[in-house]
Amino acid sequence: LRIAYQLASILAATHAATIVHRDLKPGNIMLVRDPDVPGGERVKLLDFGIAKLAPAGEDGLTRPGMVFGTPTYMSPEQCRGAAEVDGRSDVYSLAVILFQMMAGKPPFPGEGVGVVALHLCEDPPPLASVVPQIDAGVAALVATMLAKKREDRPTMEQVATTLRDHAA
């Protein structure tokens, strides 16, 4: 939870600067030793190569219908190639990472088109069904973060606050 909180805090600051990462995955997260941070590890978020800085279609790179990201961690709107990808897409991707951190596997294991279909059409298993000892509040947070409709997901700032409270 300490690592998840740091990651959510980084993303909340990124979203406040109107930047959406769009490719959150474990391979883009580094832990570095830092004795000044609780737990002695600081989270670093890497690879903003496909980050969204402007509305789709205005940056000359992305247009509606184009799909970017790693399928295992993509939000439903990314899977559809929707133009309206915002910070709540990163919230979904972070939820997939949190699920994997706690359960040892993502909610939708697999690759390619098959996992894309699952993100679009299937409800993820409840985290408590895979990790029975999970804190009910953390399981509820992950469930809301994995909502199919982006408007049903919390903001990254709300996620960071909830994770901070649970990590304390």
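Visitor: Which residues of H4 are exposed on the other side of the helix?
Guide: On that side of H4, Val 113 and Cys 121 are exposed, where exposed means over 50% relative accessible area, buried under 20%, and partly exposed in between (1.4 Å probe, protein chains only). Please keep in mind that this is a predicted model, in which local features need pLDDT of at least 70 and side-chain atom pairs count only at pLDDT 80 or more, while totals for chains, interfaces and linings use all residues. Residues are numbered from 1 along each chain as its sequence is written, and side-chain values use heavy atoms, with hydrogens and water left out.

Visitor: And which ones in H4 are buried?
Guide: Helix H4 covers residues 112-121, and Val 115, Val 116 and His 119 are buried in it. Looking down the axis of H4, you would find these buried residues within an arc of 105 degrees (taken from the directions from the helix axis to the C-beta atoms), so they line one face of the helix.

Visitor: What do those buried residues pack against?
Guide: The buried residues of H4 pack against helix H2 (76-79) and helix H3 (87-103), where a contact means heavy atoms within 4.5 Å.

Visitor: What about Ala 117, is it buried, exposed or partly exposed?
Guide: Ala 117, which also lies in helix H4, counts as partly exposed because its relative accessibility is 36%. From Ala 117 to Arg 80 the distance is 9.7 Å in space, C-alpha to C-alpha, although the two are 37 residues apart in sequence.

Visitor: Changing topic, how many disulfides are there?
Guide: A search of the whole structure finds 0 disulfides, a disulfide being a pair of cysteine sulfur atoms within 2.5 Å.

Visitor: Can we step back? How many helices and strands does the protein have?
Guide: The protein has 7 helices and 2 strands, taken as DSSP runs numbered from the N terminus (helices H or I, at least four residues; strands E, at least two). Read from the N terminus on, the elements follow the order α-β-β-α-α-α-α-α-α. Of the 168 residues in the protein, 39% are buried.

Visitor: OK, salt bridges next. How many?
Guide: The count comes to 7 salt bridges, with a salt bridge defined as a side-chain nitrogen of Lys or Arg within 4 Å of a carboxyl oxygen of Asp or Glu. One of them pairs Arg 153 with Glu 77, whose closest N and O atoms are 2.7 Å apart. This pair links distant parts of the chain, since Arg 153 is in the loop between helix H6 (136-145) and helix H7 (156-167) while Glu 77 is in helix H2, 76 residues apart.

Visitor: Are Arg 153 and Glu 77 buried or exposed?
Guide: Arg 153 is buried, with a relative accessible area of 6%, and Glu 77 is buried too, with a relative accessible area of 1%.

Visitor: Which residue does Arg 150 meet?
Guide: The side chain of Arg 150 meets that of Asp 86 in a salt bridge (2.6 Å, N to O). Arg 150 lies in the loop between H6 and H7 and Asp 86 in the loop between H2 and H3, so the pair ties together parts that are 64 residues apart in sequence. Through salt bridges that share partners, Asp 86, Arg 88 and Arg 150 are joined into one network.
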